Amino acid sequence: MKKQSVAPSLKFDTKWSYAPAPESADHIQLKSQYELFINGKFVVPSSGKYFDTINPATEKKIALVADANAADVDKAVKAARSAYDKTWSKMPAAERGKYLFRIARILQEKAREIAIIESIDGGKPIRESRDMDIPLAAAHFFYYAGWADKMEYAFPGRTVKPLGVAGQIIPWNFPLLMAAWKIAPALAAGNTVVLKPAETTPLTALKLAEIFQEADLPPGVVNIITGAGATGAAIVNHPGIDKIAFTGSTDVGKIIQKALAGTDKKYTLELGGKAANIIFEDAAIDQAVEGIVNGIFFNQGHVCCAGSRLFVQENIADLVLRKLKDRIETLIVGDPLDKNTDIGAINSKEQLNKIKSLVKAGINEGGECWQSSCAVPSKGYWYRPTLFTKVAQSSSIVQKEIFGPVLAIQTFRTVEEVIEKANNTPFGLSGGIWTDKGSKIFKVSSKLRAGVIWANTYNKFDPTSPFGGYKESGMGREGGLHGLQPYIDFN
Amino acid sequence: METKIKKTLAASNGNGITKPHIETVSRIDVRKTYKLYIDGKFPRTESGRFSPLKDMQGNTIANICRASRKDLRDAIVSNRKVQEDWSKRSAYNKAQIIYRIAETLEGRKAQFIDVLVQQGYTSAIAKNEVNASIDLLVYYAGWSDKYIQIFSTVNPVESAHFNFSYPEPTGIVTILAPQADALLGIISHVAPVIIGGNTCTLVAADKFPLTAIDFAEVLHASDLPGGVINILTGNRKEFIGHASSHMDVNAIVFSDLDPSDKKIVQVNSALNVKRAVDYSKEPVMSPYRILSCQEIKTTWHPMGI
């Protein structure tokens with residue numbers, strides 16, 4: 001790919017560089033082979049099959065992980081049902097809550113070890129797994145723990161009951177955090193769980209299973225089974241499941257929604273996005289540039305709510321673009337375990353190929369592509385931070401979710417124009433607004449058809465804050481009071 | 001119709017208003033043409049198709065428009081055109097408009113009772129249903145400026161941000177009116193949808209097109225903007241696929257589909273992640289009916305300078 005010449009306002013030709021600052025990984029405890037976590041025990045899969053989970057930064061195998069087939073799924077669902085009937089639904093709610101508090105505490109204690117494993121297995125910078133993924137996961141358990149014995153205050157006029165067994169399928173971009181988002185509200189509301197982590201990032205969910213054992217969580221309350229799409233399909237189609245919670249692509253979400261047609265299973269879907277990040281002329285530009293960088297390059301852009309479409313008001317476009325390129329030139333791509341790393345490894349070879357092919361399509365369609373000149377390691381899966389200009393609303397780079405560090409930049413003149421452009425997508429997960437004018441924030445935020453709006457900030461998450469999409473970005477909310485609703489029976 | 005008119009005239013005559021000679025003259029009644037209600041207008045179906053509607057004695061009362069898929073598309077275009085304007089109206093204004101529909105309906109109670117009787121209701125049941133329908137409109141009018149309060153939260157996030165979540169309308173909703181409860185069935189499905197700022201297209205029950213179109217006249221005489229509620233009549237079964245597969249529809253509401261039709265709706269809904277909402281699981285009077293066609297929006301803003 002040809003790199004465009006750009007006149008930098010900052011000099012990067014000095015010899016200053018960061019010395020390596022790797023997080024030491026000598027204290028982590030990983031097994032060479034992981035079994036399925038069913039009914040409180042690690043059991044051999046009836047398939048007898050295992051797959052490798054690899055470190056995307058080194059392409060080296062970390063461990064073997066069991067591949068659950070339909071018989072294993074059935075075993076897990078039966079364990080969850082039995083735990084629901086005999087233990088979990090009978091237990092006083094306050095006691096359920098105490099288990100969740102206990103899990104949150106153990107997660108805090110083991111945060112460092114789990115952060116390292118998260119970065120090794122998934123490729124995300126240790127700075128993010130250490131400061132965000134793991135603390136937030138613990139906070140989620142802590143938040144929902146407190147709801148367990150207060151459910152009668154959550155939904156006015158209603159007596160609430162749990163649904164039963166929840167089948168939960170989670171993606172590879174925030175492996176432990178997504179497990180916490182799914183498991184914590186389900187358990188607080190009194191359900192039991194069968195959870196499948198993504199096949200490229202199963203390790204922290206399996207570490208979480210060890211924490212459940214350590215917390216003496218009754219057997220079967222949470223079952224964690226590993227595998228790929230076929231395992232997920234077996235969960236979705238299992239008649240013993242009362243509720244499906246899925247986070248992943250819109251394409252798979254639609255398949256699941258269709259598969260659930262004609263059943264009584266409830267479902268929530270947290271699907272793809274193509275968020276507009278809008279910067280107005282009256283924004284604090286340097287802050288906005290930080291927000292744009294965080295919006296798209298956080299977690300290598302493997303974020304469903306990534307601010308992957310930047311809309312810049314025309315009169316500040318040149319300035320913003322120059323500052324953005326300067327800032328991107330300073331980003332460090334490399335070893336996820338290095339504390340200075342800004343952008344880690346792309347999660348898998350498959351995802352890297354997908355990013356490459358979408359970028360290629362963007363160039364073929366006439367988009368202008370610019371990439372950081374940063375060095376990347378020779379081994380592993382890497383992708384340089386990438387910008388696209390001269391793209392149209394119809395360009396694939398603007399319409400398709402890339403799930404990588406690729407930002408499409410467009411300009412606009414009026415508020416009405418940018419609202420129309422921002423909403424011109426089947427997605428509706430999130431959006432960003434940068435302006436110093438409060439009334440403009442309220443006008444634009446109320447008109448963006450998206451579930452999470454970040455104004456003068458981006459990519460912030462909290463257990464108390466509901467998250468989820470409009471339109472084809474899914475349905476239902478996770479987090480906060482609204483995140484309890486998918487796990488209760490009103491009727 | 002003829003006998004009824006005579007009865008009315010006889011009653012009126014008792015008050016001394018009507019001239020006596022009219023009573024004895026055999027009169028040709030003026031029959032009403034029933035059309036669709038789209039975008040605040042009463043067009044015929046573009047398809048030119050009709051179905052005769054019979055009364056309990058087997059006499060044809062009216063030729064009902066058998067709406068087509070194209071009529072549905074026109075209706076959705078009209079829904080989309082006005083949805084934002086409708087949702088941005090103040091809660092107070094929306095409440096007053098729904099209340100106004102109740103007022104207008106109250107004034108036409110006798111007409112609705114007559115038509116229900118004509119469609120097979122006993123007069124006592126007809127009266128009860130019309131009363132209950134009016135009261136239900138008043139009930140939902142009252143929710144307009146309250147459901148947002150009870151379903152919203154300010155979220156105490158750990159970081160220095162102000163964070164709040166509140167419901168917004170899902171957008172465009174197609175409604176398959178139930179085949180029972182001619183008037184109450186319409187209002188119990190339409191009122192919670194539109195009070196929440198959505199616009200909708202209702203496919204009337206096969207048996208009760210008259211009530212649906214008479215209700216459209218009530219809407220027309222209220223202050224409801226055209227296109228907020230569109231009403232199609234015809235063969236509901238024909239619309240189960242169309243109403244659930246339209247790509248610019250955000251939700252579909254139903255309550256009495258048989259399992260195979262329900263499955264069709266749910267399968268089609270997956271085309272654009274449509275919300276398929278079964279109202280049979282919610283009581284008729286419930287803010288959770290409103291909530292089921294709402295999306296929760298969460299907004300973050302830093303606190304500090």
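This is a predicted model: local features need pLDDT of at least 70, side-chain atom pairs count only at pLDDT 80 or more; totals for chains, interfaces and linings use all residues.
## Patches on the surface

Let's begin on the outside of chain A. Four lysines, Lys60(A), Lys349(A), Lys356(A) and Lys379(A), come together in a surface patch of positive charge. One of them, Lys356(A), belongs to helix H11, which covers residues 349–364 of chain A. With a relative accessibility of 44%, Lys356(A) is classed as partly exposed, because that class covers values between 20% and 50%.

Val154(B) sits in strand S3 (residues 153–154) of chain B. Its relative accessibility is 56%, so Val154(B) counts as exposed.

## Salt bridges

Side chains of opposite charge can pair when their charged atoms come close. Over all chains, the structure holds 47 salt bridges. One of them joins the side chains of Glu416(A) and Lys443(A), with an N to O distance of 3.2 Å. Glu416(A) is in helix H13 (residues 415–423) of chain A and Lys443(A) is in helix H14 (residues 438–447) of chain A, so this pair ties together parts that lie 27 residues apart in sequence. Glu416(A) is partly exposed, at a relative accessible area of 48%, and Lys443(A) is also partly exposed, with a relative accessibility of 35%.

Helix H13 of chain A has a further pair to look at. Lys421(A) and Glu417(A) form a salt bridge in which the closest N and O atoms are 2.9 Å apart. The two residues are 4 residues apart in helix H13 of chain A, which means that about one helical turn separates Lys421(A) from Glu417(A). Glu417(A) is partly exposed, and its relative accessible area is 28%.

Over in chain B, Arg100(B) bridges to Glu103(B), and their closest N and O atoms are 3.2 Å apart. Both residues belong to helix H4 (residues 91–107) of chain B, where they are 3 residues apart, about one turn of the helix. Arg100(B) is partly exposed at 34% relative accessibility, and so is Glu103(B) at 40%.

Some charged residues join up in a network. In chain A, salt bridges link Lys31(A), Glu113(A), Lys207(A) and Glu210(A).

## Positive phi angles

Most residues other than glycine have a negative phi. With that in mind, have a look at Asp216(A), which is not a glycine and yet has a positive phi of about 60°. Asp216(A) lies in the loop that runs between helix H6 (203–214) and strand S9 (222–224) of chain A. This aspartate, Asp216(A), is exposed, with a relative accessible area of 52%.

Val273(B) also has a positive phi without being a glycine, with a value near 55°. You will find Val273(B) in the loop between helix H11 (259–269) and strand S9 (275–278) of chain B. Is Val273(B) buried or exposed? At 0% relative accessibility, Val273(B) counts as buried, because the cut-off for that class is under 20%.

Leu203(A) is part of helix H6 of chain A. Its relative accessibility is 0%, so Leu203(A) counts as buried. Along the chain, Leu203(A) and Lys150(A) are 53 residues apart, and their C-alpha atoms are separated by 33 Å.

In chain B, strand S10 (residues 294–302) contains Lys297(B). How much relative accessible area does Lys297(B) have, and what is its class? The value is 0%, and Lys297(B) is buried. Between the C-alpha atoms of Lys297(B) and Ile264(B) there are 30 Å, with the two residues 33 positions apart along the chain.

How values were computed:
Residues are numbered from 1 along each chain as its sequence is written. Chains are lettered from A and ligands numbered from 1 in the order in which they are written. Side-chain values use heavy atoms; hydrogens and water are left out. Patches are made of residues with over 30% relative accessible area and no salt bridge: like charges are joined within 9 Å, nonpolar side chains (Val, Leu, Ile, Met, Phe, Trp, Tyr) within 5 Å. Accessible areas come from the Shrake-Rupley method with a 1.4 Å probe; for residues, only the protein chains shown count as cover. Lys and Arg count as positive and Asp and Glu as negative; His and the chain ends are not counted. The place of a charge is taken as NZ of Lys, CZ of Arg, CG of Asp or CD of Glu. Buried means under 20% relative accessible area, exposed over 50%, partly exposed in between (1.4 Å probe, protein chains only).
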